[in-house]
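Biologist: I would like to go through this model and ask what stands behind each label. Please set each value against its criterion.

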Amino acid sequence: MLAESAVPRLVGSAMIDVVRGSFPFPIKKRERNGPSFATLSSKPAIGTENAMPGINFDRIRNEITMEQVLALIGFEPTKRSGDQWYGHCPLDDCSSTRHRAFSVNVTIRAYCCHQCQSKGNHLHLWAAYTEMQVYPAAIELCRALGREVPWIWRW
Ligand SMILES: [Zn+2]
């Protein structure tokens, strides 16, 4: 009986290893988790996969401003034209030396670099700057600003 109980356990862990090694996505047990969970589940940081909470990204996007993100990353505009700011690209990977390659609209919270083609909203900018996926970047952004992370717990 000991051998019998040991076999399924071995098979089970072997299957998990095979799945992890062969596929770029986790086993789909349920569809409740969005794509952000799928990308993060390869390196679970908090407890088990099922216990990982979601993040209310709408609240982060709405309650954190582009100016706050720009201040965190130390962006100094070389030119301002109303809500449209221009300057050096703050991203490490960017080879731009042009003064206005990076443009950002602080009202609609969108940025674009004409050199490295990085673009998106302020959360995307923070993720690109910190070289993190959006999910951990959102957590880090809240902590950097001394805010509570707006978790969504799903059961
Ligand atoms: Zn750039």
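This is a predicted model: local features need pLDDT of at least 70, side-chain atom pairs count only at pLDDT 80 or more; totals for chains, interfaces and linings use all residues.

Biologist: Where is Trp85 found, and with which residues is Trp85 in contact, leaving aside neighbours within four places in sequence?

Modeller: Trp85 is found in strand β3. Apart from neighbours within four places in sequence, its contacts are Pro77, Arg80, Val104 and Val106. The C-alpha atoms of Trp85 and Asn105 are 6.2 Å apart, although 20 residues separate the two along the chain.

Biologist: How do you know that β3 and β4 pair?

Modeller: Two strands count as paired if DSSP finds at least two bridges between them. β3 (residues 84-87) and β4 have 4 bridges in the antiparallel sense, so by that criterion they pair. Gln84 stands opposite Asn105 in β4.

Biologist: Why are β2 and β6 said to stand at the edges?

Modeller: The open sheet has 5 strands in the order β2-β3-β4-β5-β6, with antiparallel pairing. β2 (79-81) and β6 each have a single partner strand, so one side of each lacks a neighbour in the sheet. From one strand to the next, the twist averages 15°.

Biologist: What lies across β5 and β6?

Modeller: Helix α5 does, running at about 125° to β6. In α5 (residues 122-130), the buried residues are His122, Leu125, Trp126, Ala127, Ala128 and Tyr129. They pack against α4 (66-72), β5 (110-113), β6 (119-121) and α6 (134-144).

Biologist: Why are the buried residues of α6 placed on the same side of the helix?

Modeller: Val134, Tyr135, Ala137, Ala138 and Leu141 are buried in α6. They cover an arc of only 165° around the axis, which means that they lie on the same side of α6.

Biologist: Which residues touch the most other members of the largest nonpolar core?

Modeller: That core has 23 residues, and those touching the most other members are Val69, Val104, Leu125, Trp126, Ala137, Ala138 and Leu141. At least two residues of this core come from each of α4, β4 (102-105), β5, α5 and α6. Val104, leaving aside neighbours within four places in sequence, is in contact with Met66, Leu70, Trp85 and Tyr111.

Notes
Residues are numbered from 1 along each chain as its sequence is written. A residue is buried if 20 or more other C-beta atoms lie within 10 Å of its own, exposed if 12 or fewer, and partly exposed in between; C-beta atoms are placed from the backbone. Two residues are in contact if their C-beta atoms, placed from the backbone, lie within 7 Å. The arc is that of the directions from the helix axis to the C-beta atoms. A nonpolar core is a set of buried Ala, Val, Leu, Ile, Met, Phe, Trp, Tyr and Cys residues joined through C-beta atoms within 7 Å. Axes are lines fitted to C-alpha atoms, for helices over the stretch in contact, and angles run from 0 to 180 degrees between N-to-C directions.
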